[in-house]
Amino acid sequence: MSENILSLDGIVKSHGRTRVLRGITLDVPRGQFVLLMGGSGSGKTTLIRLVAGLERPDAGCVTLRGRRVDSHADGIFVPPERRGLGMVFQDYALWPHLTCLDNIVTAMPGRGRDRGERARALLRDVSMAGLEGRYPAQLSGGQQQRVGLARALAARPDLLLLDEPLSGLDVEVRGRMRDQIRRLVRETGCSALFVTHDPVDVWRLADRVLMLEGGQIVQDAAPDGLYRRPLSPRIARMTGAEGALPVMLRRRDRQWGFDGAGGFQDVTPVGVDNEGPACAYLRPEGVRRGARGHVAMRMDMTFEAGRWRTLWHLPSLDWSVHSLEAESPPEQAFLTFDGQHLFAYPAS
Ligand SMILES: Nc1ncnc2c1ncn2[C@@H]1O[C@H](COP(=O)(O)OP(=O)(O)OP(=O)(O)O)[C@@H](O)[C@H]1O
């Protein structure tokens, strides 16, 4: 069933003279985990606040579960508390006069006797067992965030809005929370709209990633699609590519590439229509050592998760690239590039 939990249609929003969102249209089906990413100031928080009803668009329409909740044209506005959403925002504070447990119990709908037990189970899920009786002021920032997540889930929402809920947590807790969020969202069958800057979230959380740039969604793809064909240099960098190498692109037969010391180097062109100047970005996993190719000097190497991440300088291209090596590499080598990991964008 392709029922949409959320639909945005032509959302436009300015803050003062800054045009933040320039016509956002999208559908989120039930049960989908959607990441909202983009540079600082690209409008991620603004968009999620519009869905929550904490801000209003200048134009366009917000629809939840098939019902319009914000439309200037029709004079409709449903306030945040009547939208049935779970929210985990950085500034969405807990009730200071209630214990952890009561913060969660009060968020639960109905009056069932089992509310206390369900609240305890939720606190266990976010690794807060034993701290049920504490007040928010007696908790660290990360612990408060975890209670905030449990509270958001307590209402059994079918759409969860999360604005950087893992930022500020130490790496270990962040990893654990990430897994718990994914599991809890899966188990409850709700959809999630999750704002983040962290590329790790793409691989560990997302069914789908929306990339905001210049007030628009420049890419809307599953994580593997984002990896195979990043539609902008920023997205290429987010998926591990490094740049930018200025190249003169040309077409040979049906293949795009550029001429270098090692011969014709094929690339994956993105948004390129004509031969001429372009900018290339390369991922370490596309760098190979061999018997021929670009002469490269080893500049540095670090041991990372079982491999040597090695920095090379290539005098013929006046470019430095990283490779991933199973064994400690020699000081000098020949390198070739796999065109599937080498993306060329129009020179800006
Ligand atoms: N209440 C406001 N008044 C004026 N300008 C605002 C307001 N809220 C946001 N802005 C501006 O709107 C733009 C988008 O802000 P927003 O917080 O949505 O971006 P973001 O993508 O979430 O950024 P970050 O990743 O840094 O949190 C920024 O230029 C910001 O300065």
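Mentor: Ala244 sits in strand β12, residues 242-252. Please keep in mind throughout that this is a predicted model.

Trainee: Which residue is joined to Ala244 by a cis peptide bond?

Mentor: Gly243 is joined to Ala244 in that way, with omega at about -10°.

Trainee: Let me step back. How many helices and strands does the protein chain have?

Mentor: The chain has eight helices and 22 strands. Its C-alpha atoms fill a box of roughly 75 × 50 × 40 Å along the principal axes. Of its 348 residues, 35% count as buried.

Trainee: And what does the domain assignment give?

Mentor: It gives domain 1, residues 4-228, and domain 2, residues 240-346. Taken over C-alpha atoms, the centres of domain 1 and domain 2 are separated by 39 Å.

Trainee: What share of the contacts between residues at least 6 apart joins residues at least 24 apart?

Mentor: For contacts in the protein chain between residues at least 6 apart in sequence, that share is 64%.

Trainee: On to the ligand. Which residues surround it?

Mentor: The shell consists of His15, Gly16, Thr18, Val20, Gly38, Ser40, Gly41, Ser42, Gly43, Lys44, Thr45 and Thr46.

Trainee: Which element gives the largest share?

Mentor: Helix α1 does, with three residues.

Trainee: How do the shell residues divide into nonpolar, polar and charged?

Mentor: One is nonpolar, 10 are polar and one is charged.

Trainee: Staying with α1, why is it described as largely enclosed?

Mentor: Seven of the nine residues of α1 are buried, so the rest of the structure largely encloses this helix. The buried ones are Lys44, Thr46, Leu47, Ile48, Leu50, Val51 and Ala52. Of these, Lys44 and Thr46 also belong to the shell around the ligand.

Trainee: What follows α1?

Mentor: Gly53 follows α1, and its phi is positive, near 90°.

Trainee: How many residues of α4 are buried?

Mentor: Of its 14 residues, 10 are buried, and α4 is thus mostly covered. Those residues are Gln145, Arg146, Val147, Gly148, Leu149, Ala150, Arg151, Ala152, Leu153 and Ala154.

Trainee: What do they pack against?

Mentor: They pack against strands β7 (86-88) and β8 (159-163), and against helices α2 (100-105), α3 (115-125) and α5 (171-188). Just after α4, Arg156 takes a positive phi of about 50°.

Trainee: Which residues of the largest nonpolar core touch the most other members?

Mentor: Of its 84 residues, these are Leu36, Ala150, Leu161, Leu193, Phe194 and Ala280. Helix α4 supplies the largest share of this core, six residues. The core draws at least three residues from each of domain 1 (4-228) and domain 2 (240-346).

Trainee: What does Leu161 touch?

Mentor: Setting aside residues up to four places away in sequence, Leu161 touches Ile48, Val51, Ala52, Leu85, Gly86, Met87 and Leu193. Ile48, Val51 and Ala52 are among the buried residues of α1.

Trainee: Back to backbone angles. Where is Ser127, and what is its phi?

Mentor: Ser127 is in the loop between α3 and α4. Its phi is near 60°, a positive value in a residue other than glycine. Most residues other than glycine have a negative phi.

Trainee: Last topic: where does Arg292 lie?

Mentor: Arg292 lies in the loop between β17 (287-290) and β18 (294-304). It is exposed, with 10 other C-beta atoms within 10 Å.

Trainee: What is Arg292 in contact with?

Mentor: Leaving aside neighbours within four places in sequence, Arg292 is in contact with Gly262 and Phe334. Arg292 and Phe334 are 42 residues apart in sequence, and their C-alpha atoms are 5.3 Å apart in space.

How values were computed: Residues are numbered from 1 along each chain as its sequence is written. This is a predicted model: local features need pLDDT of at least 70, side-chain atom pairs count only at pLDDT 80 or more; totals for chains, interfaces and linings use all residues. A residue is buried if 20 or more other C-beta atoms lie within 10 Å of its own, exposed if 12 or fewer, and partly exposed in between; C-beta atoms are placed from the backbone. Helices (H or I, at least four residues) and strands (E, at least two) are DSSP runs, numbered from the N terminus. Two residues are in contact if their C-beta atoms, placed from the backbone, lie within 7 Å. A nonpolar core is a set of buried Ala, Val, Leu, Ile, Met, Phe, Trp, Tyr and Cys residues joined through C-beta atoms within 7 Å. Domain bounds come from an automatic or database domain assignment. A residue is near a molecule or strand if its C-beta atom, placed from the backbone, lies within 6 Å of it. Ala, Val, Leu, Ile, Met, Phe, Trp, Tyr, Cys and Pro count as nonpolar, Asp, Glu, Lys and Arg as charged, and the others, Gly among them, as polar.
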